Amino acid sequence: MNNLITYKSAKELDILSQEKYLIPSLSLMESAARCFYSAIKDKLINSKLTIFVAGSGNNGADSLAVARMAYCDGIKNINIYFVPGHQSKENKVQYDICKALEIPFTDNLDSELIVDGLIGVGFSGELSQEKRNIVDGINKANYIISIDCPSGLKEDGNSYCVKANETITFGYEKVAFYIGSNINYVGKITTLNPSFPLTSISLSDNYRRISYSDINLRKIDDREYKNKKGHVAIVGGSKEYSGAVRLSERAVFKCGAGLVTVFTSPEIYEVVANENLSPIVKKFEDLQSSNSYDSLLIGPGLTDLSGEEVIKLINLFNSKCVVVDAGAIKLLGENCNAISDNSNIIITPHLGEFRALLATLNIDSSNTLTSLIAVSKALKGATIVLKSSITIIYQKGMFYFLNEPNPALGVAGSGDVLAGLIACLKDPIQGVLLHSLAGRSAHERFGFFTCEELIDEVGRIR
Ligand SMILES: NC(=O)C1=CN([C@@H]2O[C@H](COP(=O)(O)OP(=O)(O)OC[C@H]3O[C@@H](n4cnc5c(N)ncnc54)[C@H](O)[C@@H]3O)[C@@H](O)[C@H]2O)[C@@H](O)CC1
Ligand SMILES: Nc1ncnc2c1ncn2[C@@H]1O[C@H](COP(=O)(O)OP(=O)(O)O)[C@@H](O)[C@H]1O
């Protein structure tokens with residue numbers, strides 16, 4: 001897992017480095033610029049003309065410092081595009097050095113390569129029209145390398161910003177990279193540490209980027225019998241969506257459970273019971289107690305139960321793991337007050353389901369992270385798995401981000417598989433990672449795949 005930080009924490013890290021660890025600001029900046037310069041030197045050498053865009057804050061100061069290093073290193077085909085404003089102390093120092101060295105300044109942004117130091121983590125509010133025009137000018141370049149973050153990248157995701165090919169960021173990756181569609185503006189990410197005392201801080205406790213190296217599945221013992229490998233109850237299915245519960249059920253088995261009982265609509269009972277040989281199949285009304293089960297998955301293909309009936313079943317499992325997916329998610333909003341306090345719900349909405357839930361709960365949707373916190377609170381502390389090409393898991397005050405784009409996973413039933421994996425593992429992070437890894441592996445094996453093939457891949461990996 002890698003820490004991610006907010007802009008506020010990035011600034012606190014800067015202050016902490018200076019005030020607690022006595023590293024002078026200009027020394028941090030020199031070190032940041034040196035690392036940055038080494039990382040881009042080859043591109044500067046090979047570019048006919050590079051323009052360093054510099055705003056008036058410390059992000060601009062970094063850009064000026066890198067330009068100066070390049071210039072002093074003999075790279076003369078560079079220009080500085082300076083955007084005046086309220087100048088930081090460090091910016092004035094770097095600006096004066098560049099002027100003294102007679103590095104050429106320009107008011108023209110035409111260039112194949114641009115180093116973007118207009119605004120970094122000091123950005124707040126909205127960009128002025130003047131800065132939007134500069135952003136538009138920067139975005140015409142063939143290749144853009146942003147310092148710390150693309151200028152104008154907002155933490156709530158609705159950004160008017162530089163579209164970088166690369167972002168070289170200091171200390172930690174920024175949470176903003178993974179919000180909304182921001183990732184499309186960040187390009188390739190490199191993290192450099194200019195000499196921040198990273199291990200001694202606890203600023204970034206709430207945000208993590210997870211990756212396949214975090215997979216840590218419970219080992220199934222050679223002598224485990226079926227009743228020890230877990231028994232998952234699945235509630236779902238309707239005449240319209242008869243496949244969803246079956247996909248979830250197969251995913252649960254392939255994930256290592258020993259027993260699955262499917263509770264489904266009387267309308268499709270025969271189909272589910274006759275076509276699936278492994279699970280026990282019953283009707284909705286037969287689920288009266290949670291005693292025999294380790295976890296509940298409710299919602300795949302579900303259309304025939306009322307909100308009250310869904311909450312009643314969720315509360316029946318109140319001390320156990322409950323995964324609420326698809327058809328059951330939309331029923332939660334209107335009935336959230338009836339969810340018992342000691343419930344242990346994991347909800348798995350895609351973006352559309354999440355937006356609908358926000359509307360029902362009357363929660364402001366403008367900031368993804370704060371809306372996740374508000375939904376969790378409204379649903380008695382529920383864990384939320386917000387699915388998209390970047391999946392965000394909000395659990396007990398922590399945010400986990402998985403950025404493994406794979407268009408092959410966007411296929412009918414993929415969410416039913418994921419919900420099954422989470423219910424079987426009783427762990428949203430491990431479920432999301434296993435689903436994604438199986439998706440990657442299935443993509444390599446089959447190209448675009450069906451969910452049956454995805455499920456087989458789960459079994460191979462598990
Ligand atoms: N904290 C750190 O991690 C370190 C920071 N450094 C650099 O310093 C940057 C942070 O510097 P600052 O705190 O001076 O901030 P920035 O330089 O990122 O931003 C401040 C500037 O942006 C302008 N600005 C902010 N919001 C705006 C808006 N809505 N519309 C138009 N203009 C706006 C301000 O007027 C000001 O000129 C980092 O991104 C990084 O590049 C490095 O020098 C190394 C250490
Ligand atoms: N481009 C993509 N990159 C990575 N993961 C994706 C992509 N598209 C979809 N997914 C994943 O596939 C799953 C789709 O779930 P969902 O929308 O509920 O599908 P369904 O309703 O068909 O079961 C989610 O886990 C989502 O994160």
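In which loop is the place of Lys380? In this predicted model, Lys380 sits in the loop between α12 (368-378) and β16 (383-386). Although Lys380 is not a glycine, its phi is positive, at about 60°. With a relative accessible area of 24%, Lys380 is partly exposed, because that value falls between the 20% under which a residue is buried and the 50% over which a residue is exposed.

Lys426 can be described in the same terms. This residue lies in the loop between α13 (414-425) and α14 (428-446). Lys426 is a residue other than glycine with a positive phi, near 55°. Its relative accessibility of 43% makes Lys426 partly exposed.

The C-alpha trace spans about 85 × 45 × 40 Å along its principal axes. Of the contacts between residues at least 6 apart in sequence, 69% join residues that are at least 24 apart.

The surface comes next. The chain has an accessible surface of about 19900 Å², and carbon and sulfur atoms hold 48% of that area. A nonpolar patch on the surface is formed by Leu26, Val93, Ile97 and Leu101, which together have about 260 Å² of accessible area. Val93, one of the patch residues, lies in helix α4 (residues 89-100) and counts as partly exposed at 33% relative accessibility.

Conventions: Residues are numbered from 1 along each chain as its sequence is written. Chains are lettered from A and ligands numbered from 1 in the order in which they are written. This is a predicted model: local features need pLDDT of at least 70, side-chain atom pairs count only at pLDDT 80 or more; totals for chains, interfaces and linings use all residues. Side-chain values use heavy atoms; hydrogens and water are left out. Contact means heavy atoms within 4.5 Å. Accessible areas come from the Shrake-Rupley method with a 1.4 Å probe; for residues, only the protein chains shown count as cover. Patches are made of residues with over 30% relative accessible area and no salt bridge: like charges are joined within 9 Å, nonpolar side chains (Val, Leu, Ile, Met, Phe, Trp, Tyr) within 5 Å. A salt bridge is a side-chain nitrogen of Lys or Arg within 4 Å of a carboxyl oxygen of Asp or Glu. Helices (H or I, at least four residues) and strands (E, at least two) are DSSP runs, numbered from the N terminus. Buried means under 20% relative accessible area, exposed over 50%, partly exposed in between (1.4 Å probe, protein chains only).
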